[in-house]
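Have a look at the model first, then follow along with what I looked up.

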Amino acid sequence: MFQLTEDQVDLAEAVAGFCRETLAPTVEADDEHQVFRPELFRAMGEQGFLGVPTPEEHGGLGLGYFEYCVVLEEIAKVSASYAVTVAVNGLPQVILGQFGTEEQKAEWLPKLAAGEALGAFALSEPESGSDAGAMKTTAERRGDTYVLNGTKFWITHGGVADIYICMARTGGPGPKGVSAFILPGDATGLSFGKKENKMGLRASPTVELVLDDVVIPAANRIGEEGFGFNVAMAALDSGRITIAASGVGLSQAALDYAGVYATERKQFKKPIIDFQGVSFMLADMACKIESSRLLVHKAAWLRDQGLPYANIAAMAKCVATDTAMSVTTDAVQVLGGYGYTKEHPVERYMRDAKVMQIVEGTNQIQRLVIGRHLKRGWMR
Amino acid sequence: MNIGVCAKISPHADARIKIKSDGSGVDTKGEKLVVGDYDEYAVEEAIRTKEAHKGAVTAFTVGATSDEKLVRSGALALGVDKAVLISDDAAVNAGPLGTAKLLAAAIKEAGCEIVFTGKAATDDGNSQVSAMIAELLGWAQVSQVTKFAIEGTSFTATRAMDAGVLQIVSGSLPVVITCEDGLNDPRYPKLPDIMKAKRKPLSKIGAGDLGLADVAATSSESNFAPPPPRPASRIIEGDAASAAQELVRLLREEAKVI
Ligand SMILES: Cc1cc2nc3c(=O)[nH]c(=O)nc-3n(C[C@H](O)[C@H](O)[C@H](O)COP(=O)(O)OP(=O)(O)OC[C@H]3O[C@@H](n4cnc5c(N)ncnc54)[C@H](O)[C@@H]3O)c2cc1C
């Protein structure tokens, strides 16, 4: 677990090669203009990047979260937006794989894993973010259907997704009244509000969903009524590992860029890396990245072994994305004024890092999760 | 169609070349090794030919036993069906002619009707082996191919000559096609194919298995040395018009290249 196997290195190299040649040339302009390219998503599907941990019988690679993290780290080195696309498209796969019926799996998993369908996850609302259990969107049972009404906010792939896993209230207040549904992208009554104009992650569309008497078959419910919050939380436990892995990739890209720059940039007649103030900063960045990666790999490994992993996944998410924020900020510092301009990618890394501390549960919420786990262990 | 492709494992084009301390050759220890640049075009063209005309592709490599991994990732993972790695001591020490003899014998044994090779290996860049294979097999050879098509048992190949002149060569199979930059755009391995490549057949054989006794190099190489360091670049000062004039003068009078 402390070293990648030959197979994992091969995967990483194949992903890195594709990202360098196909993804990298689009990154700068798409960040500037907030463009998401469905054709790049499909190409990633063809390359096999989208269903790494999904079983082979459902069109995935049947590998572990460990390999999934290796793939995500490589994508994030080039584009945090597309790493998030792969991670978010993975959420419906992990949800249906774990809780879906055979029909639901057969219908959606192969398409999601192949990039023939784009997946999304709709939990947050304008007034319920961290407190997702307070959501207001309702799903009312009518015969063989459910009728959904409400607003979902911040939805990655909103407007372009083919399938949303949508959480809505079927019962009383609080988490126990929530159920999970498959909401097709072309459902009647589903429309899209504003697309957020964001600080970072700009190639990833974040859009409001408006549900106005959306009728879906009752067979689209995932699990029992009232089980939706468990579905969402289980997905987030896994999703945290993927965001953490993306954070590691982003950090590594920032360090590598800053390191090369520091060996080339001269001030006072020396490469700036020869000043202890700079080299110690780079050393600290490297230490943080290395420890984040180990934590991410441990979380993935625990999950792959079928051991409890939620607590370590929360730690990995917290540490790796706090690291991404600090390392990308320091990378800008290493480049000085040049780092603050769009001539170099480090300012984008810094903007992209920020959102990783917010999505899939803010890092305050991660600490809350970790604290609860600790308390449970200490309580007699 | 029974298609062959010759792929040599060489240092990556970005590798920092180190020379062995006794000057007897290049030290590839710790270097990133890959299927050579031009051979990548050959692998891609072989796979495209299979996709267009059905059949199977066999890769042939003369090299070290440790090249197996790279043949798997650089050929089998892309769509080549099986590989022959000729890797005994005799093979490792074969010169260009010996290498061609080994490859020709293996190609003959495999019953290929067409063979793709790179224009040159990325490391020694001899450009000898493909022509020798064709000669040994008694086949036609077309060099520096930038466009290629097969119809029935005949082929048409476009050769890139100097100064942008193109030559179109047609003929009938069997043929050795030597691939030039620009012939195609090599693909990346898909992740599932990387996994499958581990299970594809790869036979490791030696010169003796091909009935060849003497393939030792007929020439030897020595006194490897790094090229002299490049002189520092010169910056021509001044506005665009006068700088351009000065540049032309220097190119003509000092560098004598125009
Ligand atoms: C780019 C982007 C993409 C997103 N994609 C999706 C998506 O695809 N699907 C989806 O459902 N959601 C998505 N989200 C929403 C995201 O999950 C929420 O933004 C996040 O959960 C935080 O909710 P909030 O923004 O409402 O902040 P709030 O919950 O209002 O939090 C505000 C601040 O208060 C802190 N806070 C809140 N409660 C506590 C507490 N109990 N203890 C300590 N601190 C607390 C938070 O940490 C934060 O600092 C996305 C958001 C962004 C920015």
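I began with strand pairing, where two strands pair if DSSP finds at least two bridges between them. Strand 8 (residues 114-118) of chain B runs parallel to strand 12 of chain B, and 5 bridges join them. One pair I noted there is Ile114(B), whose bridge partner in strand 12 of chain B is Val175(B). Helices (H or I, at least four residues) and strands (E, at least two) are DSSP runs, numbered from the N terminus.

Before going on, I wrote down the ground rules. This is a predicted model, in which local features need pLDDT of at least 70 and side-chain atom pairs count only at pLDDT 80 or more, while totals for chains, interfaces and linings use all residues. Residues are numbered from 1 along each chain as its sequence is written, and chains are lettered from A and ligands numbered from 1 in the order in which they are written.

Next I looked at the other partner of strand 12. Strand 9 (residues 140-151) of chain B is also parallel to strand 12 of chain B, with 4 bridges joining the two. Here Val145(B) has Cys179(B) in strand 12 of chain B as its bridge partner.

Is strand 12 of chain B buried or exposed? I call a residue buried if 20 or more other C-beta atoms lie within 10 Å of its own, exposed if 12 or fewer, and partly exposed in between, with C-beta atoms placed from the backbone. Strand 12 (residues 175-179) of chain B is mostly covered, as 5 of its 5 residues are buried. Val175(B), Ile177(B) and Cys179(B) point one way, Val176(B) and Thr178(B) the other, and all are buried.

Then I turned to helix 7 (residues 240-253) of chain B. Its 14 residues reach 20 Å from first C-alpha to last, close to the 20 Å expected at 1.5 Å a residue; the expected span is 1.5 Å times one less than the number of residues.

Ser222(B) counts as exposed because it has 8 C-beta neighbours inside 10 Å. Ser222(B) and Ser24(B) are 198 residues apart in sequence, yet 4.9 Å apart in space, C-alpha to C-alpha. Leaving out residues up to four places away in sequence, Ser222(B) touches Gly23(B) and Ser24(B); contact here needs C-beta atoms, placed from the backbone, within 7 Å.

For chain B overall, I logged 7 helices and 13 strands. Of its 258 residues, 38% are buried. An automatic or database domain assignment supplies the domain bounds, and chain B is divided into domain 1 (2-210) and domain 2 (230-258). Their centres, taken over C-alpha atoms, are 42 Å apart.

My last entry is on the chain pair. How many residues of chain A are in contact with chain B? I found 11 of them, in contact with 9 residues of chain B. Helix 1 of chain A gives the most to that side of chain A, with 6 residues.

Methods
Contact = placed C-beta atoms within 7 Å.
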